[in-house]
Amino acid sequence: MASAPHVAVIGGGSTGTGIARDLSMRGVDVTLVEQGNLTHGTTGRMHGLLHSGGRYAVADQASATECIEENRVLRDIAAHCVEMTGGLFVKRPEDGESYFEEKLQGCETCGIPAEVISGEEARAIEPHLATDVDKAISVPDGAVDPFRLVVANAASAQEHGARIETHSEVTDLVVEEGEVVGVEVDHASGSGVRVHGTEGGTETIRADYVVNATGAWAGRIGDMAGVDIEVRPSKGVMTVMNTRQVDTVINRCRPKGDADIIVPHETTCILGTTDEEVDDPEEYPEEQWEVDMMLDTLSELVPMLADARTIRSFWGVRPLYEPPDVGSDDPTDITRDYFLLDHEERDGLGGMTSIVGGKFTTYRMMGEEISDHVCQKFGIDADCRTADVPLPGSEEFSVLRDYMEEFGLRSPIGRRSVERLGSRAEEVLQTDGPNPTVCGCEGVTRAEIQDAIAQSGSDLNAVRIRTRASMGNCQGGFCCHRLASELHAEYDEVTTRAAWDELLQERWKGQRHALWGQQLSQAMLNYALHATTQNRDHDPADGGAVDFGAFDSGPEPAGGHTPAGVATDGGGDGGD
């Protein structure tokens, strides 16, 4: 071919960025557009499980086999994103023996390493397991950071020439003579690295081919071209705990059901999940009973969860797809397999293919299949290399190096930094200036923050997903303002304050269903620090109600008289 075809990929989750990386590594010209930040949709709202395939070993063995294959690949190419925690499928007395045996046999059939251990052996691994757990099956589950993984895929795509546009919503498809030839995009704040306060604009991106990788939103993109994509979104809640109550993935060994998994993830544990079909991937109820059920049910496996502190909850929407002739009533019956929909073959509409369904663990496999499909369309003879070439951060990364002395970092900050950065640690942490800790909960240093700002501009939520800053116990109470202050060298006050407000709002959203006990106290402290002390609630305090000079006039006169001009109620209108 005289020149490489231009492919527009819609969707900046794991599948979309995986496709962009794969195609760009094969020499294809790629533009990826995402309506929010990377991981805005389902990918950023998952429990972080790297599947061994054990969860599907009975009901969906094709998916289980794919999972164990990709589990092994991701351990190699994404080492700095993966923690191999191991997993246990635990059986309580009321759980059926026959299903336990089915699970074990299913693992063997699918090639998943599995071993039966006693309840005592399981509690030796995880001391906080319930004392009446009978036995367990050990499998190679793991935990993966979806934010880190997706950013690494996007970075690799960029290194190979791809254009990555975030905060860029597709408003229409350009269809000419029965063929999709481009996308209409509304940039929230201009093209390139997002900058708060910069006026956006619309753009027509012409393309030789369009790939719809929008997950639960795939039907909306199909509607723009007049084709029906039968996605059945299913919501699930995840609840984040304040510490790692377990260090191993704990699964309930029983048939499908809600609240059956605990995933250790970084400094926390994530409890999951529910499975309830919804009509809209963005507008659905987030109900307190779902969180309560999660805690109550999983406390049967790990009793200490009943009294543990939750720091936030969040809901994600699975992009389930079922061919229209199947018609399952229960979303848990729908396969977790993925489907490639060539709209030219299926609908008579050229120029576009959608990929729907699937799981996070198999994102790379999905990217490979659709990239093979696109390359075949254009006669491109190029092999997939994504299973062999490590992602940025995982090159030559086999064991953690000790950077504490070399970079003047205190333990465990140095280790946490290297875990996040992987093989990029030396590049990022080698700095001439001081490198204080900006986020104490997650141990994130100034060098990491500045590296993330260099990648993402003033968008502090983009900085967050690259570093985990503000994602710990205090939920940004002690670090949001510090993150904002790191913008001062390049951005004006208006931009900085807008970024700060947006980060605070995002951190608040997930805490609404965790406001009791210690977390309620933390939320009130965060409010005091940011809304009042730093006036982020924008209370004008303009009525002259407080004469601050009066506080310098000495002790209160005898008889309790209040100096003139001093308001006894605090002097402001107050904020909500």
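A contact here means heavy atoms within 4.5 Å. The model is predicted, so local features need pLDDT of at least 70 and side-chain atom pairs count only at pLDDT 80 or more, while totals for chains, interfaces and linings use all residues. Residues are numbered from 1 along each chain as its sequence is written, and side-chain values use heavy atoms, with hydrogens and water left out.

**View 1. Val389 and the residues it touches.** Val389 sits in the loop between helix H9 (363-377) and helix H10 (404-407); helices (H or I, at least four residues) and strands (E, at least two) are DSSP runs, numbered from the N terminus. Leaving aside residues up to four places away in sequence, Val389 touches Arg21, Met25 and Ile77. Val389 and Ile77 are 312 residues apart in sequence, yet their C-alpha atoms are 6.3 Å apart in space. Val389 counts as partly exposed because its relative accessibility is 27% (buried is under 20% relative accessible area, exposed over 50%, partly exposed in between, with a 1.4 Å probe and protein chains only).

**View 2. The largest nonpolar core.** A nonpolar core is a set of buried Ala, Val, Leu, Ile, Met, Phe, Trp, Tyr and Cys residues joined through side-chain atoms within 4.5 Å. The largest has 30 residues, and those with the most contacts inside it are Leu88, Val90, Ile250, Ile262, Leu271 and Leu298. At least two residues of this core come from each of strand E5 (87-91), strand E14 (231-241), strand E17 (268-272), helix H7 (288-298) and strand E19 (310-321). H7 gives the most to this core, with 4 residues. A second, separate core of 29 residues includes Val7, Ile355, Met366 and Cys375.

**View 3. Val90 and its contacts.** Not counting residues up to four places away in sequence, Val90 touches several residues, among them Leu129, Val133, Ile250 and Leu301. Asp95, Lys135 and Arg252 are also included in the residues that Val90 touches.

**View 4. The lining of the largest cavity.** A cavity is a set of points, on a 1 Å grid over the protein atoms alone, where a 1.4 Å probe fits but cannot get out; lining residues have an atom within 4 Å of a point. The largest cavity is lined by Gly18, Arg21, Asp22, Asn153, Tyr363, Arg364, Gly367, Glu368 and Thr386. Helix H1 (14-25) and H9 are the elements that give two or more residues to this lining. H9 gives the most, with 4 residues.

Methods:
On a 1 Å grid over the protein atoms alone, a cavity is a set of points where a 1.4 Å probe fits but cannot get out, and a pocket is an open set with protein on both sides within 12 Å along at least five of seven lines; lining residues have an atom within 4 Å of a point.
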